[in-house]
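Please keep the sequence and the model in view while reading.

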Amino acid sequence: MAAKPTTYWDYIQVEQLLALQKGLGEHEDEQTNDEVMFITIHQIDELWFKLALRELVSIRNLFAAQHVAEQSLSSAVRGLRRTVLLFKQITTHFELMETLTTRDYLAFRDKLAPASGFQSAQLREIEILMGLEASERIPLGHESYLRALQNADGSDSPASRRVRARLEDQPSLRAALDDWLHRTPIHGSLPDDPNDAEHVRETIEAFLQAHVQEIDRGRKQAITDAMTDKDRERLDARYEREIASARAFLLANDLEDASDEQRRRRSRIRASLLFIESYRELPLLAWPREILDSIVALEQSFLVFRQRHARMVERVIGRRTGTGGSAGVEYLDQTALQYRVFRDVWAVRTLLLRESALPKLGDATYYGFAGGRDG
């Protein structure tokens, strides 16, 4: 029996899709253009979130493997770049939302209560998958974010079930990336090699020495140009803090209540970040460096999305309480500032040196294409 010819509208399910914008009413004709636009934009956002989740899961799975082949890193970079573009697409939707005046929005806002964008399960999934911990979350109000995803009577909803399933879906992208970075050869030494800890410590100390020399160059010029003794004292103290901060970061002494083993592990991860970023011209470090740059771009695009969301909400409704009882713009502003997942990848940029100031590699041929080992 011959297969039925496929049409565009059947493949895309156009009719079903176009019937989904009626909101709580029976017919779309009961709504204004403003309300239909509001619903449509949020539906499109959820579709973009769906695609972002698929990409992030694939990238996470790649790094969660025990051995990550160097040739597979290009696929991860492509997935990260695609996810960046997805967040950028979502962010552009806020321009459309801003065509709503405050009065236009208030005309149908009461229909939403007590619903809130906070109840977007897929957005919570993205946060969890990236690696945001429950302890890092900003309270919505008196209830937990999981309670806000349940039905009004406290029973599970499709949203709460989806998020609970994601919480069980471990590791996060951050954890998988940390494991990969921990396995990175540093000056040819691997974590299981004899004396690796000493080797990594020597690498860190060599870099810190070069870092102090670079800081001193800038400090001497700044102090020379200072107008007063107080300025010179202030500048000198600032440069000393920068030196101390670099040492604390690379040795993981900034971690409170961490065990010696946890500090050693974090120190090696941070040393790997520094090593990849510093010697990125070496063939086997080129793609790892692209990974790190793409991770920064990913989180940046997510932060810009949050910040743009806050400004759109403030422009349309000001700083009134959110429909779900949240602090509204204040809550959105806090998440944009505090929800940072890949902090170490960002922080290492403060320590990077110009190429001519870097410590020399003992055996650069280890990182050539021939004979290199998987991360």
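The text below moves from the whole protein to its salt bridges and then to selected residues.

The structure is a predicted model, in which local features need pLDDT of at least 70 and side-chain atom pairs count only at pLDDT 80 or more, while totals for chains, interfaces and linings use all residues. Residues are numbered from 1 along each chain as its sequence is written, and side-chain values use heavy atoms, with hydrogens and water left out.

## Overall form

The protein contains 15 helices and zero strands. Helices (H or I, at least four residues) and strands (E, at least two) are DSSP runs, numbered from the N terminus. The C-alpha trace spans about 75 × 70 × 35 Å along its principal axes. Of the 375 residues, 44% count as buried. Here buried stands for under 20% relative accessible area, exposed for over 50%, and partly exposed for the range in between, with a 1.4 Å probe and protein chains only.

## Salt bridges

The whole structure holds 38 salt bridges, each being a side-chain nitrogen of Lys or Arg within 4 Å of a carboxyl oxygen of Asp or Glu. Three of them are listed here.

| Pair | N to O distance |
|---|---|
| Arg354 and Glu214 | 2.7 Å |
| Arg234 and Asp231 | 3.1 Å |
| Asp254 and Arg270 | 2.8 Å |

In the pair of Arg354 and Glu214, Arg354 belongs to the segment after helix H15 (343–347) and Glu214 to helix H10 (residues 196–225), so the bridge ties together parts that are 140 residues apart in sequence. Arg354 is partly exposed because its relative accessibility is 41%, whereas Glu214, at 17%, counts as buried.

Arg234 and Asp231 both lie in helix H11 (residues 229–250), three residues apart, which is about one turn of the helix. Both are partly exposed: Arg234 has a relative accessible area of 39%, and Asp231 has 24% relative accessibility.

The side chains of Asp254 and Arg270 also meet in a salt bridge. This pair links distant parts of the chain, 16 residues apart, with Asp254 in the loop between H11 and helix H12 (260–278) and Arg270 in helix H12. Asp254 is partly exposed at 38% relative accessibility, but Arg270 is buried, with a relative accessible area of 4%. Elsewhere, salt bridges that share partners join Arg60, Glu125, Arg162, Arg166 and Asp169 into one network.

Which residues form a negative surface patch? Glu26, Glu28, Asp29 and Glu30 do. Such a patch is made of residues with over 30% relative accessible area and no salt bridge, like charges being joined within 9 Å. Glu28 lies in the loop between helix H2 (14–18) and helix H3 (33–64) and is partly exposed, with a relative accessible area of 36%.

Gly23 is placed in the loop between H2 and H3 too, and its relative accessible area of 42% makes it partly exposed. The C-alpha atoms of Gly23 and Pro139 are 28 Å apart in space, and the two residues are 116 residues apart in sequence.

## Ser74 in helix H4

Ser74 lies in helix H4 (residues 73–97) and counts as partly exposed at 28% relative accessibility. A polar atom of the Ser74 side chain lies 3.4 Å from the backbone oxygen of Gln71. Ser74 and Ser116 are 42 residues apart along the chain, and their C-alpha atoms are separated by 38 Å.

Technical notes. Patch = residues over 30% accessible without salt bridge, like charges linked within 9 Å, V, L, I, M, F, W, Y side chains within 5 Å. Areas by Shrake-Rupley, 256 points an atom, 1.4 Å probe, with all protein chains shown as cover. Lys, Arg positive; Asp, Glu negative; His and termini not counted. Charge placed at Lys NZ, Arg CZ, Asp CG, Glu CD. Polar contact = N/O pair within 3.5 Å; in protein donor to acceptor, adjacent residues only side chain to side chain.
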